[in-house]
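Student: Could you walk me through the pocket side of this one? I'd like a close look at where the open space sits and what lines it.

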Amino acid sequence: MSSHSPSSRLYGLDTLRALAIVLVFMNHYLLFVSDGDSFAFWGDIGWTGVDLFFALSGYLIGNQIFAALRSEQGFSLRHFYARRFLRTLPNFYVVLALFYWWPGFRGDNALLPIWKFLTFTQNINLTPGTAFSHAWSLCVEEQFYVLLPAVAMLIAACRQSLRWAWVAVAASVMAGMLARSYLWNEYVHVPHGGLGYYKYIYYASWCRFDELVLGVALALLKNYHPAAWSRITSYGNRTLLAGLAGTALMLFVFFTNHYAYWVTVVGYPALAASFTLLLIAALSPASVLYQIRVPGAASLALWSYAIYLLHKQLCILLKPVWQGLGYGADSVPAILASMVASIAAGWLLYVLVETPFMRLRARHVPANHA
């Protein structure tokens, strides 16, 4: 995701990005560290933080591409890829090196061949529980970053390109539902999920792209339908309430019946649509979400990518440390200490690795246009 200067940050987007990383932390802590039921409902449903990241990424990347296509300078594919890779790869490579060069860091978990990480294909047929498995979502996003601008430029070259763009959005959502329907019937069959659910549906790019596409649709609306965008963003608080209601409904549906057929087929785009309503509220000047600056949210948003890469394995490694001090994994001191350690490690990675490359990018690839 793109970073902004402090003066240009959108507080609503910061709040949503901070919420996403908190949800992911709670879910990973519950699954890989907790001895009981840490964070209860929120730990169980915290995986949806990744889906919120998908919606955010789809909008932010789509907005960059469409704004550049509409500009006098035009869109530069070379600059786009340079800026994306300078944003995402340095942090990723540093953490990947920790897993491969420091056996103590990865622990006893099996590590996939490095070419799967370097080609961002690790998520394809991924078996849960392998080392650095949470990088699957980065693979989905990187694949999307490679495909989206090429598809956007192809559609832009067509006659009636705007109509074809909306057809592509609708087709992508339909394709995602059809893919999940086929794969559920082929590999899952049972409503309680199992290995096949994660390996062939949850981690699969073709089953998750439609969530990013809904964020892209929002960017398409903003850049090419200004009158409709103005009307929609004039009702920010109503949109916020609708987004909260839709999100609450979908969280309940997934919590109670995550692996069922129809929840699998329709639930993911429905969840993304609810998050998209929250994005509209975050971009609506009259909305509470737009106006309120949540303390610490901007920093969490800025460091969220680095925190995401490090927090899971760090918490796993720290568990025996807290136990040696007499604090169980589900105790408040252990949870708070793990949170603080994750934020500190993310900040350190952000300062030492991400920031220098962002300066390099600003100096040599200043804008995403020709």
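Tutor: Here is a look at the pockets and their linings.

This is a predicted model, where local features need pLDDT of at least 70, side-chain atom pairs count only at pLDDT 80 or more, and totals for chains, interfaces and linings use all residues. Residues are numbered from 1 along each chain as its sequence is written, and side-chain values use heavy atoms, with hydrogens and water left out.

Start with the largest pocket, at about 490 Å³. A pocket here, on a 1 Å grid over the protein atoms alone, is an open set of points where a 1.4 Å probe fits, with protein on both sides within 12 Å along at least five of seven lines; lining residues have an atom within 4 Å of a point. The volume is the space filled by probe spheres set on the points, which are joined across faces, edges and corners.

Of its 24 lining residues, L148, V151, I155, A168 and V216 are the closest to the centre of the largest pocket. Helix 3 (48-70), helix 7 (136-156), helix 8 (161-188) and helix 10 (209-224) each put in at least two, and helix 8 gives the most, with eight. Helices are DSSP runs (H or I, at least four residues), numbered from the N terminus. The lining counts 20 nonpolar, three polar and one charged residues; Ala, Val, Leu, Ile, Met, Phe, Trp, Tyr, Cys and Pro are nonpolar, Asp, Glu, Lys and Arg charged, and the others, Gly among them, polar.

The second largest pocket holds about 420 Å³. N27, L31, W47, Y198 and Y202 are the closest to its centre among 23 lining residues.
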